[in-house]
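Subject: Structure handover

Hello,

Here is the structure for you to look through. My notes on it follow below.

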Amino acid sequence: EEGSVDVFVKRPGVDTSEPRGPKVVTLGSGALFGELALLYNAPRAATVVAASNVKAFVLNAIDFKMLQVQSSQAQYAQYEGWLKEVDILKTLNHYELSRLADILESASFKGSEEIVKQGEAGDKFYILEDGTAAAFISGDDGEKQVLKYESKGSYFGEIALLTEAPRKATVRAGASGCNVVSVSKDDFSAVLGPIADILKKHADQYPQYADFLG
């Protein structure tokens with residue numbers, strides 16, 4: 001209701017001077033926390049500490065379960081099951097995957113429709129849900145296809161968010177179209193911060209325009 005809280009997540013095998021683990025996000029007024037242990041009847045996956053004077057509404061487990069919203073349950077079931085199989089997301093714990101599943105936005109694109117455009121500012125990170133897509137880079141010798149996304153869980157759009165640079169490529173849906181889920185720029189930083197270093201390493205492996213000339 002008022003104030004803010006810090007969320008800390010401790011990961012097995014990760015050395016840290018903070019016994020609660022590193023801080024992963026700060027939540028403000030209107031944020032929800034503590035629901036995952038009740039939803040899944042599991043131990044707490046994170047430590048939540050008041051960052052200021054806090055006034056909060058509290059529900060006990062029985063009342064919470066009676067008030068669970070059907071749409072929220074469907075969202076968790078729809079996305080979390082396959083998100084945990086995406087290689088880049090396997091380092092996220094149950095709490096982080098559930099938060100990610102809760103904020104994903106789904107979109108459908110027709111065949112050859114642009115999803116992101118080279119040169120534009122990046123405002124979303126995308127994960128392929130079904131169908132196919134391909135990345136194209138334009139240069140002095142015209143447009144070249146540099147990458148194809150053909151498997152569920154393939155991702156794109158992270159480079160512009162990690163570097164604050166304009167989009168390096170145009171990504172279009174394949175001939176039969178595709179469905180993607182996306183994370184906004186703000187949520188990307190808050191929820192996917194723990195894998196930012198991994199994403200940066202993978203970004204260095206992206207093909208360059210010059211590789212497709214000649």
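The accessible surface of the protein is about 12200 Å², and carbon and sulfur atoms make up 49% of it; such areas come from the Shrake-Rupley method with a 1.4 Å probe, and for residues only the protein chains shown count as cover.

This is a predicted model, in which local features need pLDDT of at least 70 and side-chain atom pairs count only at pLDDT 80 or more, while totals for chains, interfaces and linings use all residues. Residues are numbered from 1 along each chain as its sequence is written, and side-chain values use heavy atoms, with hydrogens and water left out.

The protein has 7 helices and 9 strands. Both are DSSP runs numbered from the N terminus: helices are H or I with at least four residues, strands E with at least two.

A nonpolar core is a set of buried Ala, Val, Leu, Ile, Met, Phe, Trp, Tyr and Cys residues joined through side-chain atoms within 4.5 Å. The largest has 22 residues, and Leu83, Leu89, Leu100, Phe125, Ile127 and Leu192 touch the most other members. Elements that each supply at least two of its residues include α3 (70–83) and β6 (124–139). Beyond its neighbours within four places in sequence, Leu83 has contacts with Leu97 and Ala101, among others; contact means heavy atoms within 4.5 Å.

Gln145, in strand β7 (residues 142–149), is partly exposed because its relative accessibility is 38%.

Regards

Conventions:
Buried means under 20% relative accessible area, exposed over 50%, partly exposed in between (1.4 Å probe, protein chains only).
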